[in-house]
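Hello,

Here is the structure I promised to pass on. Please open it first, then read my notes below.

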Amino acid sequence: MASTNAAVPQGAPAEPPKTCKVILADTIAKKMLAEVQSTLSAIQLPRRPTLSAFLANDDPHAYQYAEWSKKTCEEQGFSFNLVKVDKESLEEAIIAANNDPEVDGILVYYPIWPANQGHQDRYIQETVSLAKDVEGLCHTHLFNMYHNVRFLDPPTNLKKSILPCTPLAIVKALEHLQIYNPILAYGNKLYGKTITVINRSEVNGRPLAALLANDGATVYSVDITGVQLFTRGSGIKALRHQVVDKPDLTLSDVLPLSDVVIGGVPTEKFKVPTELLREGVVCINFSSFRNFDGPAVKEKASIYVPSIGKVTIAVLLRNLVRLISNSPRQEGTSDDAQKAREGAFKDD
Ligand SMILES: NC(=O)C1=CN([C@@H]2O[C@H](COP(=O)(O)OP(=O)(O)OC[C@H]3O[C@@H](n4cnc5c(N)ncnc54)[C@H](O)[C@@H]3O)[C@@H](O)[C@H]2O)C=CC1
Ligand SMILES: Nc1nc(=O)c2c([nH]1)NC[C@@H]1CN(c3ccc(C(=O)N[C@@H](CCC(=O)O)C(=O)O)cc3)C=[N+]21
């Protein structure tokens, strides 16, 4: 039947445009890897930058992640030594890598010991030298993150502190999606946004909630035990985030309030209830399992990012280049290298 609506040109789609935009991690990762390459060329390291990665558990996700990291590292001109060790030899292996001048960064796959022996994982995190802590899990890096401090060497401010890879990957994804408002002042660019993070592990959900609150967001941090609220105080006046328990709230209460929902629950059966999400919400999944029901969430969300792993690996390389830039071995290099150091990654 011929159309009677003169405003619709011939051949135009009869259906409204799809509203949900699915953004793949690849797009964000490629942009970041290009930046890493340009910084790396300015540094002029006489050999390939080298990452040593220690696998001391039999977690298939860690192994899979290691394989992906190795592939990307090598494609980008980095060396990636995957070292499989038993738990008992791990400490010595890390000490040897700390002392090896050919190793620029050290990565250890967690968890290693069962959760009730979590202090042993913490001990290993502290065994990694600060100068080689590519995942930002040593105390000084964590302290700086939680205290909203960006440099290791105030007041000179030439050495950038390292942020944990997955939380920073999610921040970079939110910047790419323009959830960070560029009109607002640095440090307040998430002001007015409400974000739910479902995971409060020490390596992922808790640092992520703190970073987002330090940038001005109201963050509901949800884990198996309940809800906490992370903010910079009323009117974002505080210098760093504050945390309060919210015993009266559940995930079902905070989902309808949220502009952004970030899922990191490591089980197949957990799904964010789509019917509680706001129309036009932005959904990001970083779990190895799909925390959102894909077809349904696309009917509700304005933007859906189904996985983030590729961005995490790009951040890993970015952090490695930053460790090299921070290193005293870089002193006495060319003006270009110095400029690259000062200008590199000036936005976080
Ligand atoms: N894509 C990436 O870059 C990365 C992905 N991962 C993946 O992220 C996931 C989480 O890893 P981790 O944080 O190390 O795990 P974890 O086991 O240390 O922490 C899981 C968190 O989820 C919470 N949780 C579990 N069930 C829940 C439920 N039903 N409702 C609310 N909260 C619940 C727990 O309380 C805890 O806070 C895993 O699937 C892991 O493979 C981890 C690192 C990087
Ligand atoms: N110290 C430490 N740091 C880690 O970052 C760490 C760790 N230990 N232990 C193991 C977990 C697991 N993990 C993943 C990273 C990327 C993907 C990933 O790249 N996933 C793909 C595909 C997912 C899919 O297709 O199912 C993606 O997001 O595009 C998955 C899982 C990092 N981990």
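Strands S6 (residues 218-223) and S7 (residues 226-231) run antiparallel and share five bridges. Two residues separate S6 from S7, and the pair forms a hairpin. Look at Val222: its bridge partner in S7 is Val227. Val222 in S6 also stands opposite Ile198. Keep in mind that this is a predicted model.

S6 has a parallel partner as well. That is S5 (residues 194-198), again with five bridges.

- Glu135: a polar side-chain atom is 2.5 Å from a nitrogen atom of ligand 2.
- Val108: a backbone N or O atom is 2.7 Å from a nitrogen atom of ligand 2.
- Gly309: a polar backbone atom is 2.8 Å from an oxygen atom of ligand 2.

On its own, ligand 2 has 670 Å² of accessible area, and the protein covers 74% of that.

Last, the annotation. An unreviewed UniProt entry places the feature "domain: Tetrahydrofolate dehydrogenase/cyclohydrolase catalytic" at residues 25-135. That stretch is 52% helix and 14% strand. Its end C-alpha atoms are 19 Å apart.

Best wishes

How values were computed:
Residues are numbered from 1 along each chain as its sequence is written. Chains are lettered from A and ligands numbered from 1 in the order in which they are written. This is a predicted model: local features need pLDDT of at least 70, side-chain atom pairs count only at pLDDT 80 or more; totals for chains, interfaces and linings use all residues. Side-chain values use heavy atoms; hydrogens and water are left out. UniProt positions are given in the numbering used here, feature names are shortened, and annotations may be inferred rather than shown by experiment. Helices (H or I, at least four residues) and strands (E, at least two) are DSSP runs, numbered from the N terminus. A polar contact is a pair of N or O atoms within 3.5 Å; within protein, one must be able to donate a hydrogen and the other to accept it, and residues adjacent in sequence count only if both atoms are side-chain atoms. Accessible areas come from the Shrake-Rupley method with a 1.4 Å probe; for residues, only the protein chains shown count as cover. Two strands pair if DSSP finds at least two bridges between them.
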